[in-house]
Amino acid sequence: MKQGPLYSFARWAGLLLGGIFTGFLVCVLVLENSLRDYDGKVYTQVRQVELDSLDTLASATLIPTIIATAILVFAALKAKGRDLWLPLAALTLLLLILVLTLIVNLPINADQNDWNATAPPSDWADVRDTWQTSHLVRTLAAIAAFGLLALSAITHRTTTPQTAAERT
C-alpha cells in the first residue's frame, strides 16, 4: 500500500522528536546521578532550576512523538501490513512513559517546586530516590521506543506503482 504524506511526516517527526526526547531524558539522568553526591540544599536548588523549563521541553517532545507514533500504528492497521508491530511496541512504551510521568514524576515535581532550598524536607532523599527510579524507567523505555521507531523507519517497506515494463 502506498502511504501518503501524513504517514511520511509522522514517521520522521516521531523519529526526530522521539530522539530529542530520549536525549533529553538521558541528559537529565546524568545530571540527576551527579546530584547524588550532594546534600539536600544543593539537590533542591538544582531541581528547582530544572523545573523552570524542562517540563515544557518534555511535553513539547513527548506529546507530538506519541501522536506521530499513533498515526503510524493506525496507518499500519489500515494497511494490514507488516509495519504494525514496531510502532505499536514503541507507542506502548511512550504511553507507559506518559502514565509514569503523570503518576510519579509530575506530583513530585510539584512538591519539589515548593520546597525551601535552605531547609529541604527531612525525607528529601527518599523523594529524590523515588523520582530518580521512575526517571530511570522512563529513560530506558524512551531508549527502547526510539530504537523501535528507528528500526521501523529502516525496515519500513514502501510500495510504488509498477510500470508496464516491471510487470513483465
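Modeller: Let us begin with a term: a contact means that heavy atoms lie within 4.5 Å. Please bear in mind that this is a predicted model. Leaving aside neighbours within four places in sequence, Phe21 is in contact with Ala58, Thr61, Leu62, Ile97 and Ala142.

Biologist: Which residues touch the most other members of the largest nonpolar core?

Modeller: A nonpolar core is a set of buried nonpolar residues, such as Leu and Phe, joined through side-chain atoms. The largest one here has 35 residues, and those that touch the most other members are Phe21, Phe24, Leu62, Leu94 and Ile97. Two or more residues of this core come from each of H1, helix H3 (54-79), helix H4 (85-113) and H5. The greatest contribution, nine residues, is made by H3.

Biologist: How many helices and how many strands does the protein have?

Modeller: The secondary structure consists of six helices and zero strands. Along the sequence, the pattern therefore reads α-α-α-α-α-α.

Biologist: What percentage of the residues count as buried?

Modeller: A residue is buried when its relative accessible area is under 20%. By this test, 38% of the 168 residues are buried. The protein exposes about 9,500 Å², of which carbon and sulfur atoms supply 67%.

Biologist: Which residues make the nonpolar surface patch?

Modeller: A residue needs over 30% relative accessible area to belong to a patch. Here Val26, Val30, Leu136, Leu140 and Ile143 make a nonpolar patch of about 400 Å². Helix H1 (5-35) and helix H5 (124-155) each supply at least two of the patch residues, and the largest share, three residues, comes from H5.

Biologist: Is Val30 buried or exposed?

Modeller: Exposed means over 50% relative accessible area. Val30, which is found in helix H1, counts as exposed because its relative accessible area is 51%.

Biologist: What percentage of the contacts between residues at least 6 apart in sequence join residues at least 24 apart?

Modeller: Of those contacts, 81% join residues at least 24 apart.

Methods
Residues are numbered from 1 along each chain as its sequence is written. This is a predicted model: local features need pLDDT of at least 70, side-chain atom pairs count only at pLDDT 80 or more; totals for chains, interfaces and linings use all residues. Side-chain values use heavy atoms; hydrogens and water are left out. Patches are made of residues with over 30% relative accessible area and no salt bridge: like charges are joined within 9 Å, nonpolar side chains (Val, Leu, Ile, Met, Phe, Trp, Tyr) within 5 Å. Accessible areas come from the Shrake-Rupley method with a 1.4 Å probe; for residues, only the protein chains shown count as cover. A salt bridge is a side-chain nitrogen of Lys or Arg within 4 Å of a carboxyl oxygen of Asp or Glu. Helices (H or I, at least four residues) and strands (E, at least two) are DSSP runs, numbered from the N terminus. Buried means under 20% relative accessible area, exposed over 50%, partly exposed in between (1.4 Å probe, protein chains only). A nonpolar core is a set of buried Ala, Val, Leu, Ile, Met, Phe, Trp, Tyr and Cys residues joined through side-chain atoms within 4.5 Å.
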